[in-house]
Amino acid sequence: MSDSGLRQAQDKMTAAGVDPTAIEVFTHYYRELEAGATGLIPEDTIDPLLDPPQLADVEIDPEAAREAFGRTAVIKLNGGLGTSMGMDKAKSLLPVRDGRSFLDLIVEQVQHARAEHGVRLPLVLMNSFRTRDDSLAALARHDGLEVDGLPLDFLQNQEPKLRTDDLTPVSWPADPTLEWCPPGHGDLYTALLASGVLRRLLEAGFRYASISNSDNLGAAPDPTIAGWFAASGAPYAAEVCRRTAADRKGGHLAVRKSDGRLILRDTAQTPPEEMDYFTDEHRHPYFHTNNLWFDLEQLAAALESRGAVLGLPLIRNVKTVDPTDPGSPEVFQVETAMGAAIEVFEGATAIAVGRERFLPVKTTNDLLLIRSDAYDLAEDRTLRLAVGKAPLVDLDPAVYKTVGRFEERFAAGAPSLRGARSLTVRGDWTFGADVVATGDATVPADGAPGEIPAGTALGA
């Protein structure tokens, strides 16, 4: 390995118009990768996070909450294409309820909060070059969304995938777009700075930011959390939820023994031989929701003092350049996690929130669930669980994994799940209208492909 690979990568980024600040950050992580950094966090270097403050116990003066809320901006990570679901556009454009997409409901959540609390509450998306045009076109359908001349979005950066054998930028003429990858959502901080959006928010009088994924409709604007965060004086806070057996793959917060700071540990940062610790929901009882709060003034100061390199832990992801071709060259994707910034800020904290603030859609199983009557659409445009516990949906991945095939098979709408504990479908079945699942409903593969007729009752 030599400086040649780095120079090639820098030149490629410059030619593609990548901002110099992002190239500076990439250079930092390239050097770490070249030096052999893996980003692994061994179990013996951390203690579990056991007793964070609970949102349910928070009491904030309503006027103090409104004042903090009035200085808060909402930022949504909107760069994801939903490729794991076979999509080639922003996942946030998927219909959820009554023809409304994730993005439509996010806008309605923001507009409702503005009207109810009398606040400006700007909405800003972090888009990728693949999601920008479609997402801005969707926002254009909503009147009065812009606030104080602030932009509705800024762009996530991109960087070259690096060959694992020599750390040079990979070449893939069959599809040159596959030569590039996002730097992970840790790029949020670099992109906020380089785009000028951080400065513009501060100049417009905003002090706090609430950040979450655009596929998580549970993370609605919340004045109580804004008031709690402002009163805490913390530079940074993460929302966490208590883990269950279904949350074993999600990243968790822990306390670093060497300095007592909170840190985020993801799957890719766990030594393979220690995954049993990582997946133990009793040992590490709280998972990271990727709902964050930070003080914009303190973020700006940190970025200024560190020269735009916050120093988030490296995540070294090993992939093939073409994810669909295991024979294509092996590459490193050098990434960072947005939530890892918790370790950068002295005094950073966490707050345990209810499960209603974590409602991500990562698979078509999740999509069917939130489209079903197991959830109600509330006045504030959040989805509220209509039953005691969300039923488990398990659709045959060989049939329903991609959105296109899923939509074909549920064109008449989601079955009723309000009386179900679970719905398991094996084989290729197309569902008619008004199908009702109760108890532990199972559709076996026998007889597939076929149709579940309208009005069918499944389960006991």
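Which residue forms a salt bridge with Arg207, and how far apart are the closest N and O atoms?

**View 1. The salt bridge between Arg207 and Asp295 in the predicted model.** Arg207 pairs with Asp295, and their closest N and O atoms are 2.9 Å apart. Because Arg207 lies in the loop between helix H7 (197-203) and strand S10 (208-213), while Asp295 belongs to strand S14 (residues 286-295), the pair ties together parts that are 88 residues apart in sequence. Asp295 counts as buried, at 3% relative accessibility.

**View 2. The salt bridge between Asp394 and Arg426.** The two side chains meet at 2.7 Å, N to O. With Asp394 in strand S20 (residues 392-395) and Arg426 in the loop between strand S21 (416-425) and strand S22 (429-431), the pair ties together parts that are 32 residues apart in sequence. Asp394 counts as partly exposed at 27% relative accessibility, and Arg426 counts as partly exposed at 30%.

**View 3. Helix H4 and its ends.** The 16 residues of helix H4 (residues 102-117) should span 22 Å at 1.5 Å a residue, which agrees with the 22 Å between its end C-alpha atoms. Ser101 caps the N-terminal end of H4, with a side-chain oxygen 3.3 Å from the backbone nitrogen of Leu103, and the helix is followed by Gly118, whose phi is positive, near 65°. Buried residues in H4 include Phe102, Leu105, Glu108 and Ala113; Glu108 is also linked with Asp98, Arg100 and Arg381 in a network of salt bridges.

**View 4. The surroundings of His185.** An unreviewed UniProt entry annotates His185 as "binding site". His185 lies in the loop between strand S9 (180-181) and helix H6 (187-195), and counts as partly exposed at 29% relative accessibility. Beyond its neighbours within four places in sequence, His185 is in contact with Leu77, Met126, Gln156, Asn290, Thr336, Ala337 and Met338.

Conventions. Residues are numbered from 1 along each chain as its sequence is written. This is a predicted model: local features need pLDDT of at least 70, side-chain atom pairs count only at pLDDT 80 or more; totals for chains, interfaces and linings use all residues. Side-chain values use heavy atoms; hydrogens and water are left out. UniProt positions are given in the numbering used here, feature names are shortened, and annotations may be inferred rather than shown by experiment. Helices (H or I, at least four residues) and strands (E, at least two) are DSSP runs, numbered from the N terminus. Buried means under 20% relative accessible area, exposed over 50%, partly exposed in between (1.4 Å probe, protein chains only). Contact means heavy atoms within 4.5 Å. The expected span of a helix is 1.5 Å times one less than its number of residues. A polar contact is a pair of N or O atoms within 3.5 Å; within protein, one must be able to donate a hydrogen and the other to accept it, and residues adjacent in sequence count only if both atoms are side-chain atoms. A salt bridge is a side-chain nitrogen of Lys or Arg within 4 Å of a carboxyl oxygen of Asp or Glu.
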